[in-house]
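User: I have a structure to go through with you. Can you take a few quick questions on it?

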Amino acid sequence: MTLLVLPCLLLLWCWLKYGLLPLRWQNSYLAGPDAPLQRGCRAAARGRWEPAARLFEDAGQDWERRSLYAQRLGDVVAQGSDRWLKEWRKARPGDPDAALVVARAGVAYAWELRGAAYSDMTSQDQFNSFHRELLAAREDIGRVVALCPGDPTPLVAELWTARGLGYSHAETDALWSQITELAPYHFEAHTSALQYWTAKWRGSHQLAREFAEKSAAGAPPGSLLAVLPVIAWYESHKDELGPVGYCPPDLRALVDAALTDAALADPDHPRLAEVRHLLGYFLYRQGRYRAAREQFRHVDGFTEALPWRYSRLASLHYRAVRTKTGRRALMERRWR
């Protein structure tokens, strides 16, 4: 009985003191709670494909959700759990949803082979494997495009191959036109394209900033795209040390605009959790601890988002920021 009571008491203590979950309860595969997706991923890891298939059936033409499901289930396959996908394809030959997961799995596996290190720390063998798998994934993506005309989801996946294989700017612009014709405000499409335009990949700080600003300016309220300039700023400055750099008025204005946009978004938007993580981090770095805690409370228990995914010790990084946020927010409340 005691073994059951103690974890519950720990949960209650952390929640009452900081409004946050115990530090050890973290999910490193998702950005936020999504019960159907969590069930689908667990079932897939155990060899069952039917819950994954139902995810896509329920998503219908919700392109944001369809893209998220394909991405996360592709990650499950890339991590070595593929028996369920083989069974799915055997049970339903030619199923476009299964084909989409195959394509996303190929992209995810290619990036697993490359690793997360900078290019000068990545071996030629890693690059060769990376490019070989991306070329194969591009063929899989082409098959999905033929199976799913009008669906932007496989084209969004191709943005990852554009970045890795080094599509020219003209080629990427052509791909981008196809995507935006089908889904002009698609969140993953915009964040993936922004990565292409960063200096570390195929663009520059200026090109990334211009893409982010133009996309945010043309997006409707609640689209979450107001966070793009914040992401562009982070990509240009993330290696700089010290919290002072996060406090200029122009950056604070960018964060405030993204906060307003997030508040106007559909609470069920499948990518809102990713935005909350980044906003929570920036608010923390700006010393706005109560506002930061409010963002973290929505996504606590999950770490697959910026900025944590850039850290080899992502969970520890998140835990340190989140714990300090909780403590400072509690102190602020006492001082008021």
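User: Which residues touch the most other members in the largest nonpolar core?

Analyst: Keep in mind that this is a predicted model. The largest nonpolar core has 49 residues, and those touching the most other members are Ile179, Leu194, Val227, Tyr281 and Phe282.

User: Which helix gives the most to this core?

Analyst: That is α14, with eight residues.

User: And what does Val227 touch?

Analyst: Leaving out residues up to four places away in sequence, Val227 touches Phe187, Ala258, Val275 and Leu278.

User: What about a second core?

Analyst: There is a separate one of 40 residues, and Leu30, Ala52, Leu68 and Trp88 are among its members.

User: Zooming out. How many helices and strands in the protein?

Analyst: The count is 16 helices and zero strands. Of the 336 residues, 51% are buried. The accessible surface is about 16,600 Å², and carbon and sulfur atoms account for 55% of that.

User: What share of the contacts join residues at least 24 apart?

Analyst: Among contacts between residues at least 6 apart in sequence, the share is 70%.

User: How does the lining split by class?

Analyst: It has 13 nonpolar, three polar and six charged residues.

User: Now Gln71. Buried or exposed?

Analyst: Gln71 is in helix α4. It counts as buried because its relative accessibility is 11%, and the cut-off for buried is under 20%.

User: Which residues does Gln71 touch?

Analyst: Not counting residues up to four places away in sequence, Gln71 touches Arg104, Trp160, Glu188 and Arg271.

User: Last one, Leu113. Where is it found?

Analyst: Leu113 is in helix α6, which covers residues 96–114. At 26% relative accessibility, Leu113 counts as partly exposed.

User: What does Leu113 touch?

Analyst: Its contacts, again without residues up to four places away in sequence, are Gln126, Ser129 and Glu133. Leu113 and Asn128 are 15 residues apart in sequence, with 9.4 Å between their C-alpha atoms.

How values were computed
Residues numbered from 1 in each chain as written. Predicted model: local features only at pLDDT ≥ 70, side-chain atom pairs only at ≥ 80, totals over all residues. Heavy atoms only, no water. Nonpolar A, V, L, I, M, F, W, Y, C, P; charged D, E, K, R; others polar. Core = buried A, V, L, I, M, F, W, Y, C linked by side-chain atoms within 4.5 Å. Buried < 20%, exposed > 50% of the residue type's maximum accessible area, 1.4 Å probe, protein only. Helix = DSSP H or I, 4+ residues; strand = E, 2+ residues; numbered from the N terminus. Contact = heavy atoms within 4.5 Å. Areas by Shrake-Rupley, 256 points an atom, 1.4 Å probe, with all protein chains shown as cover.
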